[in-house]
Amino acid sequence: MQGFTFHWYYILILLCFDNNHLDNRRTVLAFAGSKTNKKPSIEHELYNRGYKYVIGTDEVGRGAIAGPVLSTSCCIFHNNNHVNNNMQQEQQDGIATQQERPSLLIQGVNDSKQISEAQREIIFQQVVSQPSIYKFACAQRSPSEIDQQNILKATMECFQTSIQNLILHENIPLGVAYAICDGKSTPKLVGGPTPIPCRPMVGADSKVYVVSLASIIAKVTRDRIMVEAHKEWPNYNFHLNKGYSTRDHIERMHKYGPCPLHRMSFKALKNR
């Protein structure tokens, strides 16, 4: 296979120019409470329990019939004097909305599926432009690996790899780190190099700020991969469908047959 190839068995995208690990309890106090019910955010509860590094993890591409499955793990390192000065008040309030703490939150962060492509790109650029605050790592599994393993195992391996690489590269202390994964399952971390607590949560991509950020970073990263894939295999309109089973994609696959990016173990591809 020439040209564009899936030579990335995992992608590691790290922004790591600041080793000043400060007290991250002063970080995001948003989402669950800032919307309607005024309850403390999940992150805030974890900070109060002594965890200083809350890692959010989400995947994209699990339901596609072509292209990789990709996960992102994201953690926020704050060194903002504004946060230090307001820590006591934040603990009393139990919540900080985007309007109350504009310097802490990127506006518009939500589940990547709930915002537009343009909004995702804007947020992504805000993340990568602040490498001393936003740290993240991505990992992927190729279509052939998905076919060999199954999509669930491939996804859990992505989760595991992105969490481990983020922790190890950023030297995050294991005793004060906690991971939240969107969905019903979590990867195996106990027994590995980063044995930290890891909690599954359905809908975390719309409830937990760092998981929402992870979902946006993952979506933008994978979309760019599929746009590049279109240049190598233009018959399938990967730049439009991103590998998902749209009607146009299925019709084109029937017309031209599958390409190396298609997941042959998936129902839409079997017996092709």
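Start by colouring the strands: 5 of them form an open sheet of mixed pairing, in the order β3-β2-β1-β4-β5. Keep in mind as you look around that this is a predicted model.

Now select the two ends of that order. β3 (134–141) and β5 (198–201) are the edge strands, and each has a single partner strand, so one side of each is left without a neighbour in the sheet.

Next, zoom in on β1 and β2. Strand β1 covers residues 53–60 and strand β2 covers residues 69–76; the two run antiparallel and are joined by 5 bridges. For a landmark on this pair, show glutamate 59, which stands opposite serine 71 in β2.

Then bring helix α8 into view by selecting residues 209–232. Helix α8 lies across β1, β2, β3 and β4 (177–182), and runs at about 40 degrees to β1.

The last stop is the largest pocket, with a volume of about 280 Å³. The elements that give two or more residues to the lining are β1 and α6 (151–170). Finally, colour the lining by residue class: you will find 9 charged, 4 polar and 5 nonpolar residues.

Methods: Residues are numbered from 1 along each chain as its sequence is written. This is a predicted model: local features need pLDDT of at least 70, side-chain atom pairs count only at pLDDT 80 or more; totals for chains, interfaces and linings use all residues. Side-chain values use heavy atoms; hydrogens and water are left out. Two strands pair if DSSP finds at least two bridges between them. Helices (H or I, at least four residues) and strands (E, at least two) are DSSP runs, numbered from the N terminus. Contact means heavy atoms within 4.5 Å. Axes are lines fitted to C-alpha atoms, for helices over the stretch in contact, and angles run from 0 to 180 degrees between N-to-C directions. On a 1 Å grid over the protein atoms alone, a cavity is a set of points where a 1.4 Å probe fits but cannot get out, and a pocket is an open set with protein on both sides within 12 Å along at least five of seven lines; lining residues have an atom within 4 Å of a point. Grid points are joined across faces, edges and corners, and a volume is the space filled by probe spheres set on the points. Ala, Val, Leu, Ile, Met, Phe, Trp, Tyr, Cys and Pro count as nonpolar, Asp, Glu, Lys and Arg as charged, and the others, Gly among them, as polar.
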